[in-house]
Amino acid sequence: MSRKNYTSLTELTLLGLAGTLELQIILFLLFLVIYTLTVLGNLGMVLLIRTESRLHTPMYFFLANLSLVDVCYSSTITPKMLVDLLSEKKTISFAGCFLQMYFFIALATTECILFGLMAYDRYVAICNPLLYSLIMSRTICWKMAVGAFTAGLLNSMVNTSYVSSLPYCGSNVIHHFFCDSPPLFRLSCSDTRLNETIFSTFAGVNMVGTLLVILTSYSYILISIFQMHSVEGRRKAFSTCASHLTAIILFYATSIYTYLRPSSSYSLDQDKVASVFYTVVIPMLNPLIYSLRNKEVKKALWNVIARKRIPSFL
């Protein structure tokens, strides 16, 4: 059979999350609420950081970028999933599938790098406070952010190009609710072991590399915190880092489980559940984690609310 016949698929079918109509309606309403909170929460965080001068620091600069990535990240997956939950024909074009995959990988990679940059920022702030303004200058922060987005786009370009170039034939049913590499590999007519190894290598370098930066940074941070003589200083340092660590644990636990576990233990149903967490739930939780556990964000939010209320009493 020729390669032309192999790649004759024009559209793919996404099985989605649920089989019964009742469960699909329940999931639609649940994910609609989650997606609405995700967009409002993350865009609200970006606007808050932009309008409040006290939040114009490197830490919140990276947090604003993370919130922007979370909005785009969730919007790459969730709207299509919501449409499919209420549709009988859950199809996506061949080109649309790989376009979704491209933006998903690019944004996921960028998010990992941003987590690493945020950990490095906390390391410099706590371990080298006198050099903080020099090391984390506005110019350097912009270069780091641009570098994170560029690395994400390039990594996704490489991964998407070799997955889309595989020969596809036979079944066009993807056992997932979005276009991801593991279920797409199972639709290919060729031996994909080398491709899966390459994909796992890229994912491993990204996730493990940024995780090493995070663990190294927080190791030095913990040493510095325990060496502090001020109880108030320790409390403030722990409070600042707690929200970041919570977000990191949630994101990396589900991502590593999905992409770095042995292929022999791969389970479609378990993978769907894990994917829901890092594509739908976690982008909603990030602004809540950073606002509820951060006094500076809460104070800035109350200042904005107070400014809105004052004119109404004048």
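This report describes helix packing, the disulfide and selected residue positions in a predicted model.

Residues are numbered from 1 along each chain as its sequence is written, and side-chain values use heavy atoms, with hydrogens and water left out. Since the model is predicted, local features need pLDDT of at least 70 and side-chain atom pairs count only at pLDDT 80 or more, while totals for chains, interfaces and linings use all residues.

## Helix packing

Two packed helices are described by the angle between their axes and the distance between the axes. Here axes are lines fitted to C-alpha atoms, for helices over the stretch in contact, and angles run from 0 to 180 degrees between N-to-C directions. Helices (H or I, at least four residues) and strands (E, at least two) are DSSP runs, numbered from the N terminus.

| Helix pair | Axis distance | Angle |
|---|---|---|
| H3 and H4 | within 9 Å | roughly 160 degrees |
| H4 and H8 | 8 Å | about 15 degrees |
| H6 and H8 | within 11 Å | roughly 165 degrees |

Angles under 35 degrees count as roughly parallel, over 145 as roughly antiparallel, 65 to 115 as roughly perpendicular and the rest as oblique. A crossing is left-handed if the near helix is turned anticlockwise from the far one by less than a right angle, and right-handed if clockwise. Contact means heavy atoms within 4.5 Å. For the residue classes, Ala, Val, Leu, Ile, Met, Phe, Trp, Tyr, Cys and Pro count as nonpolar, Asp, Glu, Lys and Arg as charged, and the others, Gly among them, as polar.

Helix H4 spans residues 94–127, and its packing with H8 has an angle of about 15 degrees. That makes H4 roughly parallel to H8, and H4 passes H8 in a left-handed crossing. On the H4 side, the contact includes Ile105, Thr109, Cys112, Phe115, Tyr120 and Arg122, and on the H8 side its members include Phe199, Asn206, Met207, Val213, Tyr218 and Ile221. By class, this contact of H4 with H8 comprises 16 nonpolar, six polar and one charged residues.

Helix H3 covers residues 58–85, and its axis crosses that of H4 at roughly 160 degrees. The two helices, H3 and H4, are therefore roughly antiparallel to each other, and their crossing is left-handed. The contact of H3 with H4 draws on 17 nonpolar, four polar and five charged residues.

The remaining pair joins H6 (residues 138–164) and H8 (residues 193–226), whose axes cross at roughly 165 degrees. H6 and H8 are therefore roughly antiparallel to each other, with H6 passing H8 in a left-handed crossing. Asn155, Val158, Asn159 and Tyr162 of H6 make this contact with Asn195, Ile198, Phe199 and Phe202 of H8. Five of its residues are nonpolar and three polar, with no charged residues.

## Cysteines

A disulfide is a covalent bond between the sulfur atoms of two cysteines. In this model a disulfide is assigned to a pair of cysteine sulfur atoms within 2.5 Å, and by this rule the count comes to one disulfide. The bond joins Cys97 to Cys179, with an S to S distance of 2.0 Å. The torsion about the S-S bond of Cys97 and Cys179 is about -125 degrees, so the disulfide is left-handed. Distant parts of the chain are linked: Cys97 lies in helix H4 and Cys179 in the loop between strand E3 (173–174) and helix H7 (181–185), 82 residues apart.

Burial is defined by relative accessible area: buried means under 20%, exposed over 50%, and partly exposed in between (1.4 Å probe, protein chains only). Cys97 is buried at 0%, and Cys179 is likewise buried at 0%. Cys112 is buried at 2% relative accessibility; its sulfur is 16 Å from the closest cysteine sulfur, in Cys72, too far for a bond. Cys141 is buried at 3% relative accessibility.

## Accessible positions on the helices

Val213 lies in helix H8 and is partly exposed, with a relative accessible area of 36%. Between Val213 and Pro283 there are 70 residues in sequence and 22 Å in space, C-alpha to C-alpha. Arg193, also in helix H8, counts as exposed at 61% relative accessibility. Arg193 and Leu47 are 146 residues apart in sequence and 45 Å apart in space, C-alpha to C-alpha. Gly44 belongs to helix H2 (residues 21–51) and is partly exposed, at 32% relative accessible area.
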